[in-house]
Amino acid sequence: MAVAAAETRVFLEVRRRLQSALLILGEPDEGGMRLDVSITPTSLLMRTPDGCTETQLPAEVRLVPSSCRGLQYIRGDGLHLRLQAHTESGPQPISVFNQSLQAQGRCTFYCQSCGDVTIKDRKLLRVLPLPSENWGALVGEWCCHPDPFANKPLHPRENDCFIGDTFFLVNLRSDLEQEPKANTKVICKRCKVVLGETVSSETTKFYMTEIIIQPSEGSFPNIPRSQFVQSIIAQCLVELSSARSTFRFTIQGQDGKVYILLWILNSDSLVIEPLRNSSCVKKFPLLENTSEADSSSAWNAVKVLYQPCIKNRNEEAAM
(Lines give C-alpha, C1' and ligand atoms only; values in the text may rest on other atoms or scores of the structure.)
Protein backbone atom coordinates (compact mmCIF):
# COMPACT_ATOMS: atom_id res chain seq x y z
CA MET A 1 0.00 0.00 0.00
CA ALA A 2 1.11 3.60 -0.42
CA VAL A 3 0.32 6.87 1.33
CA ALA A 4 1.86 10.32 0.99
CA ALA A 5 3.78 11.48 4.03
CA ALA A 6 7.06 13.12 4.87
CA GLU A 7 6.72 11.82 8.45
CA THR A 8 4.09 9.18 9.24
CA ARG A 9 3.27 7.97 12.71
CA VAL A 10 2.99 4.18 12.93
CA PHE A 11 0.92 2.67 15.74
CA LEU A 12 0.33 -1.05 16.35
CA GLU A 13 -1.94 -2.49 19.03
CA VAL A 14 -1.84 -6.26 19.56
CA ARG A 15 -4.64 -7.97 21.50
CA ARG A 16 -3.32 -11.09 23.20
CA ARG A 17 -6.66 -12.75 23.97
CA LEU A 18 -8.10 -12.13 20.49
CA GLN A 19 -4.83 -12.83 18.66
CA SER A 20 -5.46 -9.78 16.48
CA ALA A 21 -3.75 -6.48 15.71
CA LEU A 22 -4.74 -2.96 14.71
CA LEU A 23 -2.26 -1.03 12.56
CA ILE A 24 -2.62 2.74 12.16
CA LEU A 25 -0.59 4.83 9.71
CA GLY A 26 -0.99 8.37 10.99
CA GLU A 27 -2.42 11.33 9.10
CA PRO A 28 0.22 12.40 6.54
CA ASP A 29 1.69 15.88 6.55
CA GLU A 30 0.69 18.17 3.67
CA GLY A 31 3.07 18.10 0.75
CA GLY A 32 4.71 14.92 1.95
CA MET A 33 6.54 12.35 -0.13
CA ARG A 34 5.34 8.93 -1.17
CA LEU A 35 5.55 6.15 1.43
CA ASP A 36 5.29 2.41 0.73
CA VAL A 37 4.59 0.12 3.68
CA SER A 38 5.40 -3.60 3.62
CA ILE A 39 4.21 -5.96 6.35
CA THR A 40 6.14 -9.12 7.19
CA PRO A 41 5.53 -11.54 10.07
CA THR A 42 8.34 -9.98 12.11
CA SER A 43 8.59 -6.36 10.97
CA LEU A 44 7.11 -3.27 9.31
CA LEU A 45 9.11 -1.81 6.43
CA MET A 46 8.51 1.78 5.27
CA ARG A 47 10.14 3.02 2.06
CA THR A 48 10.44 6.60 0.77
CA PRO A 49 12.51 8.11 -2.04
CA ASP A 50 15.06 9.06 0.64
CA GLY A 51 15.47 5.53 2.01
CA CYS A 52 13.69 2.96 4.14
CA THR A 53 12.98 2.37 7.82
CA GLU A 54 12.36 -1.05 9.33
CA THR A 55 10.59 -1.59 12.65
CA GLN A 56 11.26 -4.95 14.25
CA LEU A 57 8.40 -6.43 16.27
CA PRO A 58 8.94 -7.95 19.72
CA ALA A 59 10.06 -11.57 19.66
CA GLU A 60 6.72 -12.80 21.05
CA VAL A 61 4.67 -11.13 18.27
CA ARG A 62 4.15 -12.52 14.75
CA LEU A 63 1.82 -10.92 12.20
CA VAL A 64 -0.07 -12.71 9.42
CA PRO A 65 0.26 -10.38 6.38
CA SER A 66 -2.27 -12.34 4.26
CA SER A 67 -5.01 -11.64 6.85
CA CYS A 68 -5.09 -7.85 6.30
CA ARG A 69 -8.68 -6.61 6.19
CA GLY A 70 -10.89 -3.66 7.06
CA LEU A 71 -8.69 -1.04 5.37
CA GLN A 72 -10.20 2.40 5.87
CA TYR A 73 -9.08 6.00 5.95
CA ILE A 74 -10.23 8.08 8.95
CA ARG A 75 -9.82 11.80 8.45
CA GLY A 76 -7.59 13.38 11.05
CA ASP A 77 -6.19 10.01 12.13
CA GLY A 78 -4.96 8.11 9.07
CA LEU A 79 -5.18 4.63 7.56
CA HIS A 80 -6.53 1.79 9.72
CA LEU A 81 -6.29 -1.91 9.00
CA ARG A 82 -6.69 -5.10 11.02
CA LEU A 83 -4.88 -8.41 10.75
CA GLN A 84 -4.27 -11.59 12.68
CA ALA A 85 -1.37 -11.81 15.10
CA HIS A 86 0.20 -14.72 16.92
CA THR A 87 1.44 -13.70 20.34
CA GLU A 88 2.42 -15.37 23.57
CA SER A 89 0.47 -14.81 26.76
CA GLY A 90 1.44 -11.70 28.65
CA PRO A 91 3.29 -11.77 31.98
CA GLN A 92 1.30 -12.38 35.13
CA PRO A 93 0.19 -9.13 36.79
CA ILE A 94 2.68 -8.02 39.43
CA SER A 95 1.30 -6.44 42.56
CA VAL A 96 2.20 -2.82 43.15
CA PHE A 97 4.00 -3.99 46.30
CA ASN A 98 5.53 -7.48 46.26
CA GLN A 99 4.69 -8.76 49.72
CA SER A 100 6.70 -11.98 49.70
CA LEU A 101 9.94 -10.17 48.80
CA GLN A 102 9.53 -7.15 51.03
CA ALA A 103 8.42 -8.83 54.25
CA GLN A 104 11.33 -9.79 56.54
CA GLY A 105 13.62 -7.45 54.59
CA ARG A 106 14.96 -3.93 54.94
CA CYS A 107 13.48 -1.31 52.61
CA THR A 108 14.02 2.33 51.77
CA PHE A 109 11.17 4.66 50.79
CA TYR A 110 12.01 7.24 48.11
CA CYS A 111 10.18 10.26 46.72
CA GLN A 112 9.53 9.16 43.14
CA SER A 113 9.78 12.69 41.76
CA CYS A 114 13.29 13.54 43.00
CA GLY A 115 14.74 10.43 44.67
CA ASP A 116 14.99 11.94 48.16
CA VAL A 117 14.93 9.32 50.94
CA THR A 118 11.74 9.48 53.02
CA ILE A 119 12.26 6.39 55.20
CA LYS A 120 15.72 4.81 55.33
CA ASP A 121 16.52 1.16 55.97
CA ARG A 122 13.19 0.19 57.56
CA LYS A 123 12.87 -3.50 58.51
CA LEU A 124 9.42 -4.78 57.58
CA LEU A 125 8.23 -7.81 59.52
CA ARG A 126 4.65 -7.72 58.23
CA VAL A 127 3.33 -6.56 54.85
CA LEU A 128 -0.44 -6.95 54.86
CA PRO A 129 -3.27 -5.93 52.50
CA LEU A 130 -6.02 -3.78 53.95
CA PRO A 131 -9.69 -4.61 53.33
CA SER A 132 -11.42 -2.58 50.63
CA GLU A 133 -12.46 0.96 51.49
CA ASN A 134 -16.14 -0.07 51.64
CA TRP A 135 -15.62 -3.11 53.85
CA GLY A 136 -17.62 -1.55 56.68
CA ALA A 137 -20.77 -1.46 54.55
CA LEU A 138 -20.27 -5.12 53.60
CA VAL A 139 -19.95 -6.15 57.26
CA GLY A 140 -23.25 -4.42 57.97
CA GLU A 141 -24.93 -6.42 55.19
CA TRP A 142 -23.56 -9.81 56.21
CA CYS A 143 -23.52 -9.67 60.02
CA CYS A 144 -26.62 -10.09 62.19
CA HIS A 145 -24.95 -8.31 65.12
CA PRO A 146 -23.40 -4.83 65.48
CA ASP A 147 -20.14 -4.32 63.64
CA PRO A 148 -17.35 -5.20 66.13
CA PHE A 149 -14.84 -3.18 64.10
CA ALA A 150 -16.87 0.04 63.89
CA ASN A 151 -14.81 3.15 64.65
CA LYS A 152 -11.66 1.02 65.08
CA PRO A 153 -9.20 2.05 62.39
CA LEU A 154 -6.37 -0.30 61.53
CA HIS A 155 -2.99 1.19 62.44
CA PRO A 156 0.34 -0.45 61.60
CA ARG A 157 3.01 -1.16 64.18
CA GLU A 158 6.57 0.07 63.80
CA ASN A 159 7.68 -2.77 61.50
CA ASP A 160 4.41 -3.09 59.57
CA CYS A 161 3.30 -1.87 56.17
CA PHE A 162 -0.40 -2.02 55.32
CA ILE A 163 -1.44 -1.79 51.67
CA GLY A 164 -4.64 -0.07 50.58
CA ASP A 165 -6.07 0.26 47.09
CA THR A 166 -4.00 3.36 46.32
CA PHE A 167 -1.79 3.94 49.36
CA PHE A 168 0.62 2.51 51.94
CA LEU A 169 0.15 2.86 55.70
CA VAL A 170 3.33 2.91 57.81
CA ASN A 171 4.24 3.81 61.36
CA LEU A 172 6.71 6.71 61.52
CA ARG A 173 6.93 7.09 65.29
CA SER A 174 10.66 6.23 65.44
CA ASP A 175 11.50 8.44 62.44
CA LEU A 176 9.98 11.69 63.64
CA GLU A 177 11.60 14.24 65.94
CA GLN A 178 8.26 15.67 67.02
CA GLU A 179 4.72 14.34 67.09
CA PRO A 180 2.79 15.38 63.94
CA LYS A 181 -0.84 16.45 63.87
CA ALA A 182 -3.45 14.24 62.23
CA ASN A 183 -4.81 15.17 58.78
CA THR A 184 -1.74 17.15 57.73
CA LYS A 185 0.12 16.76 54.45
CA VAL A 186 3.46 14.96 54.19
CA ILE A 187 5.74 16.95 51.87
CA CYS A 188 9.07 15.98 50.32
CA LYS A 189 11.84 18.05 51.90
CA ARG A 190 13.72 18.39 48.61
CA CYS A 191 11.13 18.94 45.84
CA LYS A 192 8.11 19.92 47.98
CA VAL A 193 5.79 17.37 46.34
CA VAL A 194 2.92 16.09 48.50
CA LEU A 195 3.78 12.46 49.31
CA GLY A 196 0.81 11.65 51.51
CA GLU A 197 -0.91 12.64 54.74
CA THR A 198 -0.83 11.80 58.43
CA VAL A 199 -3.69 9.64 59.66
CA SER A 200 -2.79 9.85 63.34
CA SER A 201 0.15 10.92 65.48
CA GLU A 202 1.99 7.70 64.52
CA THR A 203 0.46 6.53 61.22
CA THR A 204 1.23 8.04 57.83
CA LYS A 205 -0.50 7.34 54.53
CA PHE A 206 1.80 7.48 51.47
CA TYR A 207 0.24 7.69 48.01
CA MET A 208 1.37 4.93 45.64
CA THR A 209 1.87 7.43 42.81
CA GLU A 210 4.42 9.40 44.87
CA ILE A 211 6.57 6.76 46.60
CA ILE A 212 8.98 4.07 45.39
CA ILE A 213 9.91 1.31 47.85
CA GLN A 214 13.15 -0.54 47.18
CA PRO A 215 15.28 -3.09 49.07
CA SER A 216 17.88 -1.13 51.05
CA GLU A 217 20.78 -2.81 49.25
CA GLY A 218 19.43 -1.49 45.94
CA SER A 219 19.46 2.01 44.49
CA PHE A 220 16.85 4.53 43.42
CA PRO A 221 15.36 3.58 40.00
CA ASN A 222 15.20 6.61 37.71
CA ILE A 223 11.81 6.08 36.02
CA PRO A 224 10.19 8.88 33.94
CA ARG A 225 7.41 10.46 35.97
CA SER A 226 4.53 9.96 33.53
CA GLN A 227 5.57 6.37 32.84
CA PHE A 228 5.61 5.58 36.56
CA VAL A 229 2.23 7.20 37.28
CA GLN A 230 0.55 5.47 34.35
CA SER A 231 2.02 2.14 35.37
CA ILE A 232 0.75 2.48 38.95
CA ILE A 233 -2.74 3.58 37.84
CA ALA A 234 -2.95 0.75 35.30
CA GLN A 235 -1.95 -1.85 37.90
CA CYS A 236 -4.45 -0.48 40.41
CA LEU A 237 -7.27 -0.54 37.85
CA VAL A 238 -6.51 -4.11 36.77
CA GLU A 239 -6.24 -5.40 40.36
CA LEU A 240 -9.41 -3.60 41.48
CA SER A 241 -11.33 -4.76 38.39
CA SER A 242 -10.36 -8.37 39.05
CA ALA A 243 -11.02 -8.24 42.80
CA ARG A 244 -14.40 -6.49 42.53
CA SER A 245 -15.61 -7.83 39.18
CA THR A 246 -16.27 -4.37 37.77
CA PHE A 247 -14.96 -2.31 34.87
CA ARG A 248 -16.39 1.09 35.91
CA PHE A 249 -14.50 3.54 38.11
CA THR A 250 -14.58 7.18 39.17
CA ILE A 251 -11.64 9.43 40.02
CA GLN A 252 -12.55 11.67 42.94
CA GLY A 253 -10.90 14.50 44.81
CA GLN A 254 -10.38 14.46 48.56
CA ASP A 255 -13.60 16.44 48.85
CA GLY A 256 -15.53 13.57 47.23
CA LYS A 257 -16.12 15.45 43.97
CA VAL A 258 -16.04 13.25 40.86
CA TYR A 259 -13.64 14.52 38.18
CA ILE A 260 -13.37 11.62 35.70
CA LEU A 261 -15.45 8.55 34.81
CA LEU A 262 -13.44 5.51 33.62
CA TRP A 263 -14.48 2.32 31.85
CA ILE A 264 -11.89 -0.43 31.30
CA LEU A 265 -12.20 -1.69 27.72
CA ASN A 266 -9.41 -4.27 27.82
CA SER A 267 -6.23 -5.03 29.73
CA ASP A 268 -4.46 -7.40 27.32
CA SER A 269 -3.04 -4.91 24.80
CA LEU A 270 0.57 -4.70 23.69
CA VAL A 271 1.27 -1.26 22.16
CA ILE A 272 4.14 -0.78 19.71
CA GLU A 273 5.02 2.66 18.37
CA PRO A 274 8.25 3.58 16.56
CA LEU A 275 9.77 6.92 17.57
CA ARG A 276 11.27 9.15 14.93
CA ASN A 277 11.27 12.68 16.26
CA SER A 278 10.35 14.82 19.25
CA SER A 279 7.01 15.83 17.74
CA CYS A 280 5.68 12.31 18.38
CA VAL A 281 6.73 12.56 22.00
CA LYS A 282 4.98 15.91 22.40
CA LYS A 283 1.73 14.45 21.05
CA PHE A 284 1.95 11.31 23.17
CA PRO A 285 3.35 11.98 26.68
CA LEU A 286 3.50 8.23 27.37
CA LEU A 287 6.58 8.19 25.12
CA GLU A 288 8.61 10.77 27.01
CA ASN A 289 12.27 9.92 27.61
CA THR A 290 12.01 6.72 25.53
CA SER A 291 13.28 8.05 22.21
CA GLU A 292 16.84 8.10 23.52
CA ALA A 293 16.72 4.46 24.54
CA ASP A 294 15.48 2.81 21.36
CA SER A 295 14.03 3.56 17.95
CA SER A 296 10.83 1.73 18.91
CA SER A 297 9.21 0.69 22.15
CA ALA A 298 6.54 -1.74 23.29
CA TRP A 299 4.37 -1.55 26.39
CA ASN A 300 1.71 -3.63 28.05
CA ALA A 301 -1.30 -1.32 28.17
CA VAL A 302 -4.78 -0.99 29.62
CA LYS A 303 -7.27 0.64 27.25
CA VAL A 304 -9.86 2.85 28.94
CA LEU A 305 -12.75 5.04 27.90
CA TYR A 306 -13.02 8.20 29.98
CA GLN A 307 -15.42 11.10 30.37
CA PRO A 308 -14.55 14.33 32.23
CA CYS A 309 -16.96 15.60 34.87
CA ILE A 310 -15.68 19.17 35.16
CA LYS A 311 -17.60 22.31 34.25
CA ASN A 312 -20.96 20.57 34.82
CA ARG A 313 -20.25 17.86 32.22
CA ASN A 314 -21.67 14.33 32.65
CA GLU A 315 -23.20 15.14 36.03
CA GLU A 316 -26.02 12.61 35.60
CA ALA A 317 -23.62 9.80 34.64
CA ALA A 318 -21.50 10.45 37.75
CA MET A 319 -24.44 9.98 40.14
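Hi everyone, let's start with Phe206: with a relative accessibility of 0%, this residue counts as buried, where buried means under 20% relative accessible area, exposed over 50% and partly exposed in between, using a 1.4 Å probe and protein chains only. A quick word on where this comes from: the model is predicted, so local features need pLDDT of at least 70, side-chain atom pairs count only at pLDDT 80 or more, and totals for chains, interfaces and linings use all residues. Residues are numbered from 1 along each chain as its sequence is written, and side-chain values use heavy atoms, leaving out hydrogens and water.

Now, the aromatic rings. Rings of Phe, Tyr and Trp (its six-membered ring) pair if their centres lie within 6.5 Å; planes under 30 degrees apart are stacked, over 60 edge-to-face, and the rest tilted. How many aromatic pairs does this rule give? The count is two.

In one of them, Phe109 and Phe206 have ring centres 6.2 Å apart and planes at 45°, so the pair is tilted. Phe109, at 0% relative accessibility, is buried.

Next come Tyr110 and Phe220: their ring centres are 5.4 Å apart and their planes at 50°, so this pair is tilted. Tyr110 is buried at 9% relative accessible area, whereas Phe220 is partly exposed at 26%.

Finally, two backbone angles. Gln19 is not a glycine, yet has a positive phi of about 55°, and at 27% relative accessibility Gln19 is partly exposed. Ser245, not a glycine either, has a positive phi of about 55°; at 68% relative accessibility, Ser245 counts as exposed.
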